[in-house]
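Please open the model in your viewer and keep the sequence panel beside it.

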Amino acid sequence: MNERGKSDRPVVPAKPPNNVALAAAEVVEGRGLPKGNATSEPRPGRSAGQGVSSDLDRVRQAARRDKDVRFTALLHHVTVDRLRDAYRAIRPGAAPGVDGVMWRDYGVDLEANLRDLHGRVQRGAYRASPTRRVFIPKPDGRQRPLGVASLEDKILQRAVVEVLNAVYEQDFVGFSYGFRPGRSPHDALDALSVAITRKRVNYVLDADIRDFFTRLDQGWLERFLEHRIADRRVLRLIQKWLRAGVIEDGEWSDTLEGTAQGASVSPLLANVFLHYVFECATNVKRGDAVGSRLSMQCSTEDGGLMALRDRPMGDDSKPPHAALVSDRRGERCGHGARDASGGDHGDDRC
């Protein structure tokens, strides 16, 4: 055993690849014990990982078994129990949204409130609230806009993300680390360290997509979601959150692009977008992605410059064309996909 507070074993960030055929390309090698890379249990909601809920096992198995399957009925997995877990995962002192409702106030009559929320969601009567926009300073002197959601939006978003993670965690590639259950930036640093010390690497390119959350193309995001999600009720929920607008200084404004940075659903939506635009379309096998930041290891300077040239990012990027979105097998991602029931029956449950 090590000293108190130290890990009992070296950290081996061996995240199993999502595609067995690509194990050699995606498996993450470990290194010695890095300081600060402590293990932690994922909690329900955005951070809930595999094994948290057994009722989603069938969804995971179907998503893993058939990469073209589309899920026609997922909303029934958003249960009162899952909403309760999502509520408990929220920080009690979190800032309130435009509704002004605090965590403790909502919990005074928690069960009745959750049953009411669940009923509105299942009936299609749920309405998303605008996010309250606040700004925090960035290191470069600019201001980062954050969207503070209402309490019920936070609860429902966490519950929906847990359900959708059962699908998308089977799709995301092994070198993606940002905002994923059971993964952290420390794991990405471990993989980067291994690549630098054990492979032929002369250059490391660190690219950051400017204003990614605020400039994300909503139209393309919705198309990408439809590759896997055929439950119109879930897609409508996401549309409601994207188009709820923001309130800043008491004034409401529309949100025609982007997804609120700070909302529980935004990290997953961002990862779905990046999966199809970058990881899937460009077939990258030599980088580590954390959120909207990418580190690539190249053996030559020309190779690195070519990688950046061929993968435009930032303000000048154009939305990708669907024909360019290809998976590693050379087939189009999501085109000709089948739903989970083998047909178009919306009541088929996975």
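Two strands are said to pair if DSSP finds at least two bridges between them. Helices (H or I, at least four residues) and strands (E, at least two) are DSSP runs, numbered from the N terminus. The model is predicted, so that local features need pLDDT of at least 70 and side-chain atom pairs count only at pLDDT 80 or more, while totals for chains, interfaces and linings use all residues. Residues are numbered from 1 along each chain as its sequence is written, and side-chain values use heavy atoms, with hydrogens and water left out.

**The whole chain**

Begin with everything displayed. The protein has 12 helices and 9 strands. Of its 350 residues, 48% count as buried; buried means under 20% relative accessible area, exposed over 50%, and partly exposed in between (1.4 Å probe, protein chains only). The protein exposes about 18100 Å², of which carbon and sulfur atoms supply 49%; these areas come from the Shrake-Rupley method with a 1.4 Å probe, and for residues only the protein chains shown count as cover. A contact means heavy atoms within 4.5 Å. Among contacts with a separation of 6 or more, 73% are accounted for by residues 24 or more positions apart.

**First selection: the four-stranded sheet**

Select β3, β2, β5 and β6. In that order they form an open sheet of 4 strands with mixed pairing. The edge strands are β3 and β6 (251-253), each of which pairs on one side only. On average, neighbouring strands of this sheet are turned by 40 degrees against each other, direction ignored. Axes are lines fitted to C-alpha atoms, for helices over the stretch in contact, and angles run from 0 to 180 degrees between N-to-C directions.

Next, follow the pairs one by one. Strand β2 (residues 131-137) and strand β3 (residues 143-148) pair in the antiparallel sense over 6 bridges. With strand β5 (residues 246-248), β2 pairs in the parallel sense over 2 bridges. Which residues flank Arg132? In β3 its bridge partner is Val148, and in β5 Arg132 stands opposite Ile247.

Two turns deserve a separate selection. The hairpin of β2 and β3 has 5 residues between the strands, and there Gly141 takes a positive phi near 95 degrees. In the loop between β5 and β6 lies Asp249, which has a positive phi of about 55 degrees although it is not a glycine. Asp249 is exposed, with a relative accessible area of 76%.

Select α6 (151-168) together with helix α10 (residues 232-242). The two pack at an angle of about 135 degrees, with their axes 12 Å apart. That makes α6 oblique to α10, because angles under 35 degrees count as roughly parallel, over 145 as roughly antiparallel, 65 to 115 as roughly perpendicular and the rest as oblique. The crossing is left-handed, that is, the near helix is turned anticlockwise from the far one by less than a right angle.

Remain on α6 and pick Leu151. Is Leu151 buried or exposed? It is buried, with a relative accessible area of 4%. Not counting residues up to four places away in sequence, Leu151 touches Ile90, Asp99, Val101, Met102, Trp103 and Tyr106. The C-alpha atoms of Leu151 and Trp103 are separated by 7.1 Å, although the residues are 48 apart along the chain.

Select helix α3 (residues 80-89), which is mostly covered, with 7 of its 10 residues buried. These are Val80, Arg82, Leu83, Arg84, Ala86, Tyr87 and Ala89. What covers them includes α4 (103-107), α5 (110-123) and α6.

End in the loop between β1 (69-70) and α3, where His77 is found. His77 is buried, with a relative accessible area of 5%. Its C-alpha atom is separated by 7.8 Å from that of Asp55, 22 residues apart along the chain.
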